[in-house]
Amino acid sequence: MSGLTLGAVAYDPKVVTIWDGFRAWLRGPGGLDFDYVLYSNYERQVEDLVAGRVDVAWNSPLAWVRARRLAAARGVTLTPVTMRDTDRDLRSVVAVHADSPVQSLAGLRGRVVATGAVDSPQATLLPLALLRSAGLRPGADVQVRRFDIGVGLHGDHVGGERDAARALFAADPADAACMIDSNLLLFAREGMLPSGSVRVLAHTPPYDHCTMTAGPSADDALTKRFGELLLGMDYGDADLRPLLDLEGLKQWLPPRLEGYAQLERAVDEAGFYDAEGTIRAGDYRP
Amino acid sequence: MRATTDLDGLGLDEGGHLLVDRALAALRPGERLTVTGRHPALRLHLAAWCREHGHRLADTSEDASEDGGDLEIIKGTAGEQRWRDAHRAGKPDGPPDKRADPRWGLAARGALVEAGGPPIGAEWTERDHVWADVAPRLYAAAAASQWDPATAVDWTATINVPPEIERAVVQLMTYLVENEQAALIIPARLLSQLHPHFREVMQLLATQAADEARHVEVFTRRGLLSGGPLGTSSAGGRASLQTLLAEPDFTAASFLLSVLGEGTFLDLLRFIHEHAPDKVTADVARLAVRDEARHVAFGVAHTAHLVKTDTSYLGVLRQSVERRHAALLDTAGLNTEVFDSLVLLAAGSWEPAAISRGWRAVRDLQAGMDEGRRRRLAYIGFPDDEAAELSALHTRNFM
């Protein structure tokens, strides 16, 4: 294959607008022979990346974790290309009702914790790891009320997280809810979690989110050029700005991998994937 | 000096970002802002907000378990980048620019326009093709002269008109309504293709359409006041009006409708007012003629403005009259029922002497209409002989 084909997950109709726009821009003067394909879920995208059926993949953090494991098991090399400025130093929180008697994570013992979808790093896997770090076993010491919306999208669909937050105020309320810091702010600004209505009990250390990953079939020179073009995208460019706004970034940054260590541990603790990247979570049906 | 802002107890979930944004506006990208506050989730909120807006919260790697306290934002470049290629959509006061940039879209005249966004698909982007210096004053006059059809006319006044004269009034009202409907559609159509940079013209056309909407209402209401059915609508009359709708050029449409059509209507409405057999008829004609005078003033001023900048445009205008005349050659033109109604209205009775007076009055009306058209054509720039020739080609249907 002469060009570079990217895989992206269609978690929202806007993904077509974004990648159609980027495709046209990347194929412009001085660009490269670029195309994209869309996946309904990250698992197939990752498998195709490692198998060389797509050259690069716009990976969720969990997709990166699985891709890394699959690649290591098969002896193939992955190359991180870029990440968004908004992919760095995120935190997830465990929030309780402002009037809750619970004052620490340990206080959640025997209580109900609402989470996002089974495969959401930010609203399920990472916050549950935070509970484990406080000595609480999800499903044993705390009851997990999971909101499986958009399973296979690795939490890109906000619905599960939104329902988890809403569960704090349901008729049969959850005692705590897990969400990413930006959604804590979003839900508050929307009025769903009015200011002062919730209290953050604890939050994770910072972690990183999506990463652009080149697989074994990607041509090195094209991958390098692709990375240069992404890094050169200018928020001042009126044609690119709406696309960058839709994709949720102001600029692409060089990749870094240390921000995924927390998720690697969380995946191991939950038994979500094994070391070879095989899906082990029994109730995960992407 | 360190830039600081204190949010006190205010959270970013209830407007705190306004204070942060205000303080950041004074800084250059890369400069730092210290934020203090007591909101328990301030650090988490600020980190998320900074990410979303292209800023960075310093020292994010430190243990953030102690929320609150001093936080430092490093200003990003996104704000400056976003406005880098922005430009003003002309000047807010004074005459509009000679050429309206489609990229200004719907932006207010004088606004700072962010680059990007869809260009407006307006057909009329050249000032001289839509403008008249009197437009702002005419719009102000129009805005100040809007009247309420419900109260401007005493609809309870007794109509004590002989039945056959009343039928003539009803016929005239029926005719007026179809003319006003054409006169409403044309400015509305021009408006939809006008670049909004020419704000005063846009506003004036909007009031013009609103004027005609009121005229349609009051003429309809007067037509139905005596409880009878409305009068007739002739095929030739409708054909004549429809040729106005077909004119694609802004100036030619304005010229045919306002200079020639509505100009002729001024005399017609004054005639109806003068010979009205009842107060309601007199009032609706009086109210309409006041509005129409503004429409004529703009049509004349705009056409003259364009001809002044490009005298060859007289040829385009001439062709538009000839084209319309040719299109109407095979039609009867004025509805004979309308013509006869005018005679009867002026006569006031079926006495032969009265009919003779009415006939002469309508002849005088037509002569007056012709004179008015020639005067306006001459003002625009047509030589007198050509003005007379073009006036004679005007539709027999008046509008």
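Q: In which hand does α13(B) pass α14(B), left-handed or right-handed?
A: In this predicted model, α13(B) passes α14(B) in a right-handed crossing. The term applies because the near helix is turned clockwise from the far one by less than a right angle.

Q: Which residues make the contact between α13(B) and α14(B)?
A: From α13(B) come B:Asp370, B:Arg373, B:Arg374, B:Leu377 and B:Ala378, while α14(B) supplies B:Asp384, B:Ala387, B:Ala388, B:Leu390 and B:Ser391. Sorted by class, this contact has five nonpolar, one polar and four charged residues.

Q: What makes α7(B) roughly antiparallel to α10(B)?
A: Helix α7 (residues 199–224) of chain B packs on helix α10 (residues 279–309) of chain B at an angle of about 160°, with the axes 10 Å apart. The cut-off is over 145 degrees, so α7(B) is roughly antiparallel to α10(B). The crossing in which α7(B) passes α10(B) is left-handed.

Q: What classes of residue does the contact of α7(B) with α10(B) have?
A: The residues that meet include B:Leu204, B:Gln208 and B:Asp211 in α7(B), and B:Val280, B:Thr281 and B:Val284 in α10(B). By class, the contact has eight nonpolar, four polar and three charged residues.

Q: How do you know that chain A is as compact as a globular protein of its length?
A: Chain A has nine helices and eleven strands. Its radius of gyration is 19 Å, close to the 19 Å from the globule rule for 286 residues, so chain A is as compact as a globular protein of that length. Along the principal axes, its C-alpha atoms fill a box of roughly 60 × 45 × 30 Å.

Q: What share of chain A is called buried?
A: Of the 286 residues in chain A, 51% are buried. They carry that label because 20 or more other C-beta atoms lie within 10 Å of their own.

Q: Which element gives the largest share of the side of chain A that touches chain B?
A: Here 24 residues of chain A are in contact with 24 residues of chain B. On the side of chain A, α6(A) gives the largest share, six residues. By class, that side has nine nonpolar, five polar and ten charged residues.

Technical notes: Residues numbered from 1 in each chain as written. Chains lettered and ligands numbered in written order. Predicted model: local features only at pLDDT ≥ 70, side-chain atom pairs only at ≥ 80, totals over all residues. Axes fitted to C-alpha atoms, helices over the stretch in contact; angles between N-to-C directions. Helix = DSSP H or I, 4+ residues; strand = E, 2+ residues; numbered from the N terminus. Parallel < 35°, antiparallel > 145°, perpendicular 65-115°, else oblique. Contact = placed C-beta atoms within 7 Å. Nonpolar A, V, L, I, M, F, W, Y, C, P; charged D, E, K, R; others polar. Rg over C-alpha atoms; globule rule 2.2 N^0.38 Å. Buried ≥ 20, exposed ≤ 12 C-beta atoms within 10 Å, placed from the backbone.
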